[in-house]
Amino acid sequence: MGGEQALRRGLESNAKFASSGQLKKTIQSRKKHQQFKKKIESRRGANGKGKDKAPVKGDDSGDEDEEVEEIKDQGKTKVKVMSVDDFLGADFMDDDSDDEDDEEDIADDQSFASIDDLEDEGAAHMFELSNLAEKDPEFYKYLQENDRDLLDFSIPNVDDDMDGEASDEGDEDEDVEMESEKLPILTNEILRRWQKALLDHRSLRALRKLLIAFRSAVHMNEDNQVLAWSIDSSTMYNKLVTTALKFTPVVLAHHIPYKTLPNGKYKTPTQTAKQKALQKLILSYFNNIVYLIPQLTDNELLQLTFAESCEDFTVLVKAYLKKCLELWSSGEDSVRITAFLSIRRLASSTDNAIMDLVLKSTYLELVRSSKSTSIHKLPSINLMKNSASEIFCLDHTAAYQHAFGYIRQLAIHLRNSMKTKTKEAYRLVYNWQYVHCVDFWALVLARACSTEAEAGRGEESGLKALIYPLVQVSLGAIKLISNSRSYPFHLHIARSMLHLSRHTNTYIPLSPYLLPVISSQLTPSGKPKPSTLRPLDFDSNIRAPAQYLKTRVYMEGLVDEAAFILAEWLACTPVHGSIAFPEITVPVVVSLRKTLKSAKTKSKGGTGKETGVVKGLVERIEDSVKWIEEKRKGISFAPGKMSDVERWEANLKVEDSPLAKYVKVQRKARVKRKNLIDKAVKGEDEILDDD
């Protein structure tokens, strides 16, 4: 019986030792001693080959170290050609040996695994108690009847996604037991202590506790999740989420800093011992953010989710980018702008794999979102096109490969439609996605190859070589089908080419594609049908409805739209700023006068408003021709002197010409009319209200 009492006293002593926290401190001390011992041994075993960092806990795979060394030997070129999956695996990152980590840093890193060690010791103790029933069944029965607390000894669990929880503190409010039925309630006092530790000391322990509570908030509505904290109010929920989103990037950037390069891009940190120790913490944070984004309905919290900088962490980049793109394409304007800024920060990485992923995903999301277009959805699509074009202009070399491939896709669709000549084949080209793709690449090339941008860079853009194939594809799409119902599609493509021509100072011949639209409506084959239809909105239509065909309202709208685009094309710098403007306009004036004469002779149509628009345009063109000829009178050089020609054109002020002033007035009138229509549609004011 004396042996039984001694064994019982030993078990009681072990239980008290474990519950008092001394067991954990002893384990930490041993682990710390082992860490320093391994580090010293690794330095002694270097044999003059340079400094090797000490092995990190959990990194016991010799094969992985060999792979890292192989990649180092292959040089930087090997890293650049890796895929996105290789990058996300982080196997190619250089393991910089940071021997300057002090004792306190190592202790912090190792503390992230301390709870796991404690769980291992507790499991061993439970195993000894279970063997007691076989070794001494009489004493085990005695314990069941008289002292059951010893048999019920257990160690609290922690969540698998985290490295553990700081259960060593004496504060009972922060002592989390995952298996207890009643979870501790998170209070303002606890949150303020964490905030103070994060601000004053950039404490990793406080960050770990904060992220455990953050995970509890994110998954609080799920039944099968083991949570650490109970959030009892929406106010505390918002405070906790806001604190996690604001403080976590700051603390992580302090411990794992990234480098900002002079060109505005950032370089991700190399994989050091501290980063390996924090890897699970970072993964947990980003997993929770990705899971949280679809749940948030408050726009301020959504903006905060994307607003905080996360440049130095490229884990889960695919999932994070996917959520950013979803809100960029479907959220409210403020949220969409914030999501776009996050996408742009990802694109600022020096890693080519991330840049390629962002460019490809952004373009595909734009194409998916532009499948259908309405007057209400058009502003959203325009915002996406303008913002996406900015991303493609960050790195012209990387953007060239994608732009070339996608413009080639447009050309393949056009070629197949020209060969097959069926309705199904024509639909591959005559759809909203094709229109928006052409317009998007026109925006990208106009932004990248504009005269101002190239002057600022001091060199020609690498994307300039794509202007010619894009123009060829676009003009080929216009010629694919030429009938009255497809004219809205033609006008959309013409607008995109006009934008490209104006910004890149490139001459694009648009008059052969606009003059047939005007002549076909002024000289119709039959008398226009009267109708009570409202004017067709050409901005939100690429194919005229059947009821609009051969109606006067449709004819007037087509002539007005085509004449305005033609006037803008003639007034742009590549055309009107040319010394040969009088000669360029000869075919245009002849064709328009012939059309006006035919319309007057037939007297079947084109005798109203539309003829007045065309006559006014012809008069302004002729006035501008006289204005250019007056400017050319003092010229003493021949047309072959290109340097003198370019100097003369650079000094010419096109905005002072009669045609430019006419276009300016027409543009203001159209903007005013559009604003009145928008007000009437929204019901804000009466359509006749000029305010």
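User: Which residue's side chain meets that of Lys 385 in a salt bridge, and what is the N to O distance?

Analyst: In this predicted model, the partner is Asp 439, with 2.6 Å from N to O. A salt bridge here is a side-chain nitrogen of Lys or Arg within 4 Å of a carboxyl oxygen of Asp or Glu.

User: Which helices hold Lys 385 and Asp 439?

Analyst: Lys 385 belongs to helix 19 (residues 378-392) and Asp 439 to helix 22, so the pair ties together parts 54 residues apart in sequence. Helices (H or I, at least four residues) and strands (E, at least two) are DSSP runs, numbered from the N terminus.

User: Is Lys 385 buried or exposed? And Asp 439, buried or exposed?

Analyst: Lys 385 is buried, because its relative accessible area is 3%. Asp 439 also counts as buried, at 17%. The classes are buried under 20% relative accessible area, exposed over 50%, and partly exposed in between (1.4 Å probe, protein chains only).

User: How are residues numbered, and what pLDDT is needed for local features?

Analyst: Numbering starts from 1 along each chain as its sequence is written, and side-chain values use heavy atoms, with hydrogens and water left out. As the model is predicted, local features need pLDDT of at least 70 and side-chain atom pairs count only at pLDDT 80 or more, whereas totals for chains, interfaces and linings use all residues.

User: What is the average pLDDT of the chain?

Analyst: The average is 76, and 69% of the residues score at least 70. pLDDT is the predictor's confidence in each residue, from 0 to 100.

User: What does the secondary structure come to?

Analyst: The chain has 33 helices and two strands. Of its 691 residues, 46% count as buried. Among contacts between residues at least 6 apart in sequence, 73% join residues at least 24 apart.

User: Which residues have the most contacts inside the largest nonpolar core?

Analyst: They are Phe 214, Trp 441, Met 497, Leu 500, Leu 566 and Leu 592, in a core of 158 residues. A nonpolar core is a set of buried Ala, Val, Leu, Ile, Met, Phe, Trp, Tyr and Cys residues joined through side-chain atoms within 4.5 Å.

User: What does Ile 518 touch?

Analyst: Not counting residues up to four places away in sequence, Ile 518 touches Val 559, Ala 562, Ala 563, Leu 566, Leu 592, Thr 595 and Val 614. Ile 518 lies in helix 26 (residues 511-522) and is buried, with a relative accessible area of 1%.

User: Where is Thr 595 placed?

Analyst: Thr 595 is in helix 30 (residues 586-602) and counts as buried at 8% relative accessibility. The C-alpha atoms of Thr 595 and Ile 518 are separated by 8.1 Å, although the two residues are 77 apart along the chain. Leaving aside neighbours within four places in sequence, the contacts of Thr 595 are Ile 518, Ser 519, Leu 522 and Thr 523.

User: Back to salt bridges: how many does a search of the whole structure find?

Analyst: The search finds 22. One of them pairs Glu 622 with Arg 593, their closest N and O atoms being 2.8 Å apart. Glu 622 lies in helix 31 (residues 609-631) and Arg 593 in helix 30, so this pair ties together parts 29 residues apart in sequence. Glu 622 is partly exposed at 27%, and Arg 593 is partly exposed at 43%.

User: What about Glu 619, which residue is its salt bridge partner?

Analyst: Glu 619 pairs with Arg 620, the closest N and O atoms being 3.9 Å apart. Elsewhere, salt bridges that share partners join Arg 495, Asp 539, Asp 560, Glu 561, Arg 670 and Arg 673 into one network.

User: Last one: which residue's backbone oxygen lies 2.9 Å from a polar atom of the Ser 369 side chain?

Analyst: That oxygen belongs to Glu 365. Ser 369 is in helix 18 (residues 352-369) and is buried, with a relative accessible area of 11%.

Technical notes: Contact means heavy atoms within 4.5 Å. A polar contact is a pair of N or O atoms within 3.5 Å; within protein, one must be able to donate a hydrogen and the other to accept it, and residues adjacent in sequence count only if both atoms are side-chain atoms.
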